Amino acid sequence: MLAPRLNVQDLAGAFHYFDAQTDDARLVLRVLREAVAAGGTAVNYISAIDLIREEGQVVGVQLRDETTGATTAVRAKIVISATGAWADELRQKVDQEPRLRPLRGSHLIFPQWRFPLAQAVSFNHPLDGRFVFIFPWDGVTLVGTTDVDHSDSLDEEPHITPGEVAYLMAAVESRYPSLALTLDDVLATFAGVRPVINTGKADPSAESRDHVVWLENGLLTVTGGKLTTFRLIALDALKAARAALPDMPKIDEDAPALNEVTEDLPDILPEAVRRRLIGRYGVDAAALVAAAQPGELGTIPNTNVLWAELRWAARSEGVVHLDDLLLRRVRLGLLLPQGGVALKERIQALCQVELGWDAERWNAEWQLYRKRWEANYSLPPRDVIPDWRTMLHKPETTPVLVNKRGRGQTAIAAGLLGTAVALIVLYLGLRKRL
Ligand SMILES: Cc1cc2nc3c(=O)[nH]c(=O)nc-3n(C[C@H](O)[C@H](O)[C@H](O)COP(=O)(O)OP(=O)(O)OC[C@H]3O[C@@H](n4cnc5c(N)ncnc54)[C@H](O)[C@@H]3O)c2cc1C
């Protein structure tokens, strides 16, 4: 009942545990907007291209506006680089050796009606024993992830490779064969690059996912880790920054990560919509609702997204290009077929009003968005995607994407991992009860 349509052949058992989920872009935006409301300044499309040094110590950064090419220098008591997988680029400017191992993780997205789930499901991949997840996310079903060395330039946005598509389809096929899912069912894809500390392990998945804070010649780098622990990571960075900021007020380690929202939204909105807006937009949710035009508190067909979210994001969330709006403010590019092409006219009308784009600008933005969607959020050409059914039936002759271990070892490792996770879950459950 909890995992309908799951293939139970050879299934010896299962365990149940609780986890949290988020929309990463909205989490980041909420943190940023709350920081700005508290007196901070946030800018986008600005790159730190160099560090300013005096007597070997970093005292500021050289910035470039990526929309105009203009550069400027900013001096600071401390420079904190939270640049993820790109962190080595700034570290090299203070003569440090690279220490990161960029690992790509890619995903497939299916419509929920085609891949219905009662709740998230996780299991060992049949080919290499890694854990893969299939979960309901904002009205679609998300399958991920892979964990492979990313050798492409970090200047280019990552995309799923044909081998990764086959790897994820093999996982789906092994546990949900009765759904007979094919590539025609895939709505969208996306990939990201994890900043993982390189210890030279043969298996990328064996590298630790811990975060690090390094202070090197006045440059404080904070990288690695998980979204789950972002508050803890920020606290560690602040503690390390204290060395350069003796007047910094005492850190309140118990302060909540996000501001509390005390004002509820009008109760004509369903409870699920109120929770969605407050979670994603925090105190701005009320202004978002107030800015909605007639009919915009309804959802965009086949999504949970309100038209009002699109208007609000275009008006007040620093949108520079159309892909900011459709991929990183609201996620229509991931949730709708062909990145939302069917909504083109209505989105155009909204952008013309909120962003002041004339027809020429709109056409240029639309072309750019379509190009990006095709290159980074759609499937690679079908004829280069390996046949995952053959991989499943003849695994010994097929190179495994991620993990080079033999099948026997894999089964043992997977078994041990499963046992360890079950024990941790049991321990957490007991602790909670205590
Ligand atoms: C495939 C995948 C799956 C994941 N799954 C999970 C999960 O299930 N749970 C979980 O908790 N975490 C997960 N994570 C980890 C999570 O995404 C990261 O912990 C988080 O994104 C790290 O945030 P960050 O701000 O440190 O780095 P990033 O999110 O990488 O942000 C760094 C930013 O710095 C910018 N930047 C880089 N260089 C410069 C420069 N010179 N000047 C200006 N800006 C610059 C980049 O453009 C980028 O926006 C996953 C990551 C990936 C890739």
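Colleague: In which segment does Asp10 lie?

Modeller: This is a predicted model, and in it Asp10 lies in the segment before helix H1 (24–37).

Colleague: What is phi of Asp10?

Modeller: Start with the general idea: most residues other than glycine have a negative phi, and most peptide bonds are trans. Phi of Asp10 is near 60°, a positive value in a residue other than glycine.

Colleague: Which loop holds Asp138, and what is its phi?

Modeller: Asp138 sits in the loop between strand E7 (131–137) and E8. Its phi is near 45°, again a positive value in a residue other than glycine. Asp138 has 18 C-beta neighbours inside 10 Å, so it counts as partly exposed.

Colleague: Which form, cis or trans, does the peptide bond from Gly144 to Thr145 take?

Modeller: That bond is cis, with omega near 0°. Thr145 belongs to the loop between strand E8 (140–144) and strand E9 (148–149).

Colleague: Turn to the strands. How many bridges join E1 to strand E2?

Modeller: Eight bridges join E1 to strand E2 (residues 57–65), and the two run antiparallel.

Colleague: How do E2 and E3 run?

Modeller: E2 and E3 run antiparallel, joined by five bridges. Here Gly60 has Arg75 in E3 as its bridge partner. Five residues lie between the strands in the hairpin of E2 and E3, where Gly69 has a positive phi near 85°.

Colleague: How many residues of strand E3 are buried?

Modeller: In general, the side chains of a regular strand alternate between the two faces of the sheet. For strand E3 (residues 71–75), the number buried is zero of five residues, so the strand lies largely in the open.

Colleague: In what order do the strands of the open sheet stand?

Modeller: The order is E4-E12-E11, three strands with mixed pairing. Strand E4 (79–81) and strand E11 (211–216) are at the edges with a single partner strand each, so one side of each has no neighbour in the sheet. On average, neighbouring strands of this sheet are turned by 20° against each other, direction ignored.

Colleague: In what sense do E11 and strand E12 pair?

Modeller: E11 and strand E12 (residues 219–224) pair in the antiparallel sense, over six bridges.

Colleague: Now the ligand. How many residues surround the ligand?

Modeller: The ligand is surrounded by 19 residues, and the closest are Gly84, Gly105, Gly192, Lys226 and Leu227. Sorted by class, the shell has seven nonpolar, nine polar and three charged residues.

Colleague: Which strand gives the most to the shell around the ligand?

Modeller: E10 gives the most, with three residues. Strand E1 (46–54) and strand E10 (188–197) each supply at least two residues of the shell. By domain, the shell draws at least three residues from each of domain 1 (43–98 + 211–244) and domain 2 (100–206).

Colleague: Where does Pro337 lie?

Modeller: Pro337 is in the loop between helix H9 (332–335) and helix H10 (344–355). It has 12 C-beta neighbours inside 10 Å, so it counts as exposed. Pro337 and Arg370 are 33 residues apart in sequence, and their C-alpha atoms are 12 Å apart in space.

Colleague: Last, the whole chain. How many helices and strands does the protein have?

Modeller: The protein has 13 helices and twelve strands. Its radius of gyration is 23 Å, close to the 22 Å that the globule rule gives for 434 residues, so the protein is as compact as a globular protein of that length. Along the principal axes, the C-alpha atoms fill a box of roughly 60 × 55 × 50 Å. Of the 434 residues, 30% are buried.

Notes
Residues are numbered from 1 along each chain as its sequence is written. This is a predicted model: local features need pLDDT of at least 70, side-chain atom pairs count only at pLDDT 80 or more; totals for chains, interfaces and linings use all residues. Two strands pair if DSSP finds at least two bridges between them. Helices (H or I, at least four residues) and strands (E, at least two) are DSSP runs, numbered from the N terminus. Axes are lines fitted to C-alpha atoms, for helices over the stretch in contact, and angles run from 0 to 180 degrees between N-to-C directions. A residue is near a molecule or strand if its C-beta atom, placed from the backbone, lies within 6 Å of it. Ala, Val, Leu, Ile, Met, Phe, Trp, Tyr, Cys and Pro count as nonpolar, Asp, Glu, Lys and Arg as charged, and the others, Gly among them, as polar. Domain bounds come from an automatic or database domain assignment. The radius of gyration is taken over C-alpha atoms; the globule rule is 2.2 Å times the number of residues to the power 0.38. A residue is buried if 20 or more other C-beta atoms lie within 10 Å of its own, exposed if 12 or fewer, and partly exposed in between; C-beta atoms are placed from the backbone.
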